[in-house]
Amino acid sequence: MVKETMKRKKPSFNESYHGYRTFSDLLEGAEKEGIIQLRTDTRSGTYVITGFGKEQRKTDEEGVEALKEPKVRKAQKPRWRPRPRKPKPKVPASPPDVADVPNASETEPIA
């Protein structure tokens, strides 16, 4: 399922590009590097990923940090600042349409 997911995310993925003959060899190499933790499934004989290296490192670091004094964190600047709003431009009242007001020449009778 891991390989299928990797192929779906990046269709050009190929383990031979990374120097491995099979995907199982790639998984074994990742386990040796401490990236993942594997176990073999008893029914199918395939590998099952049981954990990731980051999880193991976190638990190791938490144990070490428990022995150390806690760090004092600096106050961080906020990541965003509110911007002052721009005032909306005042729209002057529109003059009445000239077409609505009759002209003096239009109201005078023609002689």
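In the predicted model, Ile 36 touches Leu 27, Ala 30, Glu 31, Ile 49, Gly 51, Phe 52 and Gly 53, when residues up to four places away in sequence are not counted. Ile 36 has its place in strand β1. Its relative accessibility is 9%, and Ile 36 therefore counts as buried, the cut-off being under 20%. One of the contacts, Gly 53, is 17 residues from Ile 36 in sequence, whereas the C-alpha atoms of the two residues are 5.1 Å apart in space.

Ile 49 lies in strand β2. Beyond its neighbours within four places in sequence, Ile 49 is in contact with Val 2, Leu 27, Ile 36, Gln 37 and Leu 38. The C-alpha atoms of Ile 49 and Gln 37 are 5.8 Å apart, at a sequence separation of 12 residues. Ile 49 has a relative accessibility of 27% and so counts as partly exposed, a class that lies between the 20% and 50% limits.

The largest nonpolar core consists of seven residues: Phe 13, Phe 23, Leu 26, Leu 27, Ala 30, Ile 36 and Leu 38. At least two residues of this core come from each of α2 and β1 (36-40). The contribution of α2, four residues, is the largest share. In soluble globular proteins, nonpolar side chains tend to be buried together.

Glu 15 is located in the loop between α1 and α2. Glu 15 is buried because its relative accessible area is 8%, which is under the 20% limit. Its contacts, not counting residues up to four places away in sequence, are Lys 3, Tyr 20, Arg 21, Thr 22, Phe 23 and Leu 26.

The volume of the largest pocket is about 220 Å³. Its lining is formed by Met 1, Val 2, Lys 3, Phe 23, Ser 24, Leu 27, Thr 46, Tyr 47, Val 48 and Ile 49. Two or more lining residues are given by each of α1 (2-9), α2 (23-32) and β2 (47-52). Sorted by class, the lining comprises seven nonpolar, two polar and one charged residues.

Over the whole protein chain, four helices and two strands are present. Their order along the sequence is α-α-β-β-α-α. The chain has 111 residues, of which 10% are buried. Among contacts with a separation of 6 or more, 4% join residues 24 or more positions apart. The chain exposes about 11600 Å², and 54% of this area is supplied by carbon and sulfur atoms.

Methods
Residues numbered from 1 in each chain as written. Predicted model: local features only at pLDDT ≥ 70, side-chain atom pairs only at ≥ 80, totals over all residues. Heavy atoms only, no water. 1 Å grid on protein atoms, 1.4 Å probe; cavity = no way out; pocket = protein on both sides within 12 Å on 5 of 7 lines; lining within 4 Å. Points joined across faces, edges and corners; volume = space filled by probe spheres on them. Nonpolar A, V, L, I, M, F, W, Y, C, P; charged D, E, K, R; others polar. Core = buried A, V, L, I, M, F, W, Y, C linked by side-chain atoms within 4.5 Å. Buried < 20%, exposed > 50% of the residue type's maximum accessible area, 1.4 Å probe, protein only. Contact = heavy atoms within 4.5 Å. Areas by Shrake-Rupley, 256 points an atom, 1.4 Å probe, with all protein chains shown as cover.
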